[in-house]
Amino acid sequence: AADVKLPDLNIRFEMNELNAEERDFYESIYKRSRSKFDTFVDKGVLLHNYAHIFDLLSRLRQAVDHPYLVVHGNYEGKVLKDETGEAQPVPQIPTRSAGCSDVCGICQDDILPSARVTSLCKH
């Protein structure tokens, strides 16, 4: 609409390299996602599962951008299967968090309730 003034759209691409641990973590999530995708194709129900495919792609993006969400988030099926069908746990990313509290997005340390700070705008 003419009455809405939006800023110009700027798109910036950055090519970043993953280290060995990050690459291994991403590859494990990718293999699991690829397996689920191939199952949809084999069953002929690919076009009926747009939401599931979007979820698979979102998990891959999270594995690169915010791996903490994949590891500690509400991620159904936190078990991967290897080539032999043996259950393998999802690889853990390096973190100093105990996993039972809020975590600083910068240093990955646990944030104690007494140390939390809320901005004036409540964001």
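Biologist: Is R61 buried or exposed?
Modeller: In this predicted model, R61 counts as exposed, because its relative accessibility is 61% and the cut-off for exposed is over 50%.

Biologist: With which residue does R61 form a salt bridge?
Modeller: The partner is D65, and the closest N and O atoms of the two residues are 3.4 Å apart.

Biologist: Where do D65 and R61 lie?
Modeller: Both belong to helix α2, which covers residues 50-65. They are four residues apart, or about one turn of the helix.

Biologist: And how exposed is D65?
Modeller: D65 is partly exposed, since its relative accessible area is 43%.

Biologist: How many salt bridges does a search of the whole structure find?
Modeller: The search finds four. Another one of them joins D38 to R34, with the closest N and O atoms 3.2 Å apart.

Biologist: How far apart are D38 and R34 in helix α1?
Modeller: They are four residues apart in that helix, so about one helical turn separates them.

Biologist: What is the accessibility of D38 and of R34?
Modeller: D38 has a relative accessible area of 29%, which means that it is partly exposed. R34 has a relative accessibility of 42%, so R34 also counts as partly exposed.

Biologist: Which residue pairs with E14 in a salt bridge?
Modeller: E14 pairs with R12, and their closest N and O atoms are 2.7 Å apart. R12 counts as exposed because its relative accessibility is 69%.

Biologist: Let us change topic. How do the axes of α1 and α2 cross?
Modeller: The two axes come within 9 Å and cross at roughly 170 degrees. Angles over 145 degrees count as roughly antiparallel, and α1 and α2 are therefore roughly antiparallel to each other.

Biologist: Which residues make the contact?
Modeller: From α1 the residues are F25, Y26, I29, Y30, S33, K36, F37 and F40. From α2 they are H52, I53, L56, R59, L60, A63 and V64.

Biologist: What is the make-up of that contact by class?
Modeller: The contact of α1 with α2 has eleven nonpolar residues, two polar residues and two charged residues.

Biologist: Now S28. Where is its place?
Modeller: S28 is in helix α1, which runs over residues 20-43.

Biologist: Is S28 buried or exposed?
Modeller: S28 counts as buried, because its relative accessibility is 13% and buried means under 20%.

Biologist: What does the side chain of S28 reach?
Modeller: The side chain of S28 reaches the backbone oxygen of F25, at 2.7 Å. F25 is also one of the α1 residues in the contact with α2.

Biologist: What separates the C-alpha atoms of S28 and L60?
Modeller: The distance between those atoms is 9.9 Å, while the two residues are 32 residues apart along the chain.

Biologist: Finally, the protein chain. How many helices and strands are there?
Modeller: There are three helices and four strands. Along the sequence, their pattern is α-α-α-β-β-β-β.

Biologist: What share of the residues is buried?
Modeller: Of the 123 residues in the protein chain, 17% are buried.

Biologist: And what share of contacts joins residues 24 or more positions apart?
Modeller: Among the contacts in the protein chain with a separation of 6 or more, such residues account for 38%.

Conventions. Residues are numbered from 1 along each chain as its sequence is written. This is a predicted model: local features need pLDDT of at least 70, side-chain atom pairs count only at pLDDT 80 or more; totals for chains, interfaces and linings use all residues. Side-chain values use heavy atoms; hydrogens and water are left out. Helices (H or I, at least four residues) and strands (E, at least two) are DSSP runs, numbered from the N terminus. Buried means under 20% relative accessible area, exposed over 50%, partly exposed in between (1.4 Å probe, protein chains only). A polar contact is a pair of N or O atoms within 3.5 Å; within protein, one must be able to donate a hydrogen and the other to accept it, and residues adjacent in sequence count only if both atoms are side-chain atoms. A salt bridge is a side-chain nitrogen of Lys or Arg within 4 Å of a carboxyl oxygen of Asp or Glu. Axes are lines fitted to C-alpha atoms, for helices over the stretch in contact, and angles run from 0 to 180 degrees between N-to-C directions. Angles under 35 degrees count as roughly parallel, over 145 as roughly antiparallel, 65 to 115 as roughly perpendicular and the rest as oblique. Contact means heavy atoms within 4.5 Å. Ala, Val, Leu, Ile, Met, Phe, Trp, Tyr, Cys and Pro count as nonpolar, Asp, Glu, Lys and Arg as charged, and the others, Gly among them, as polar.
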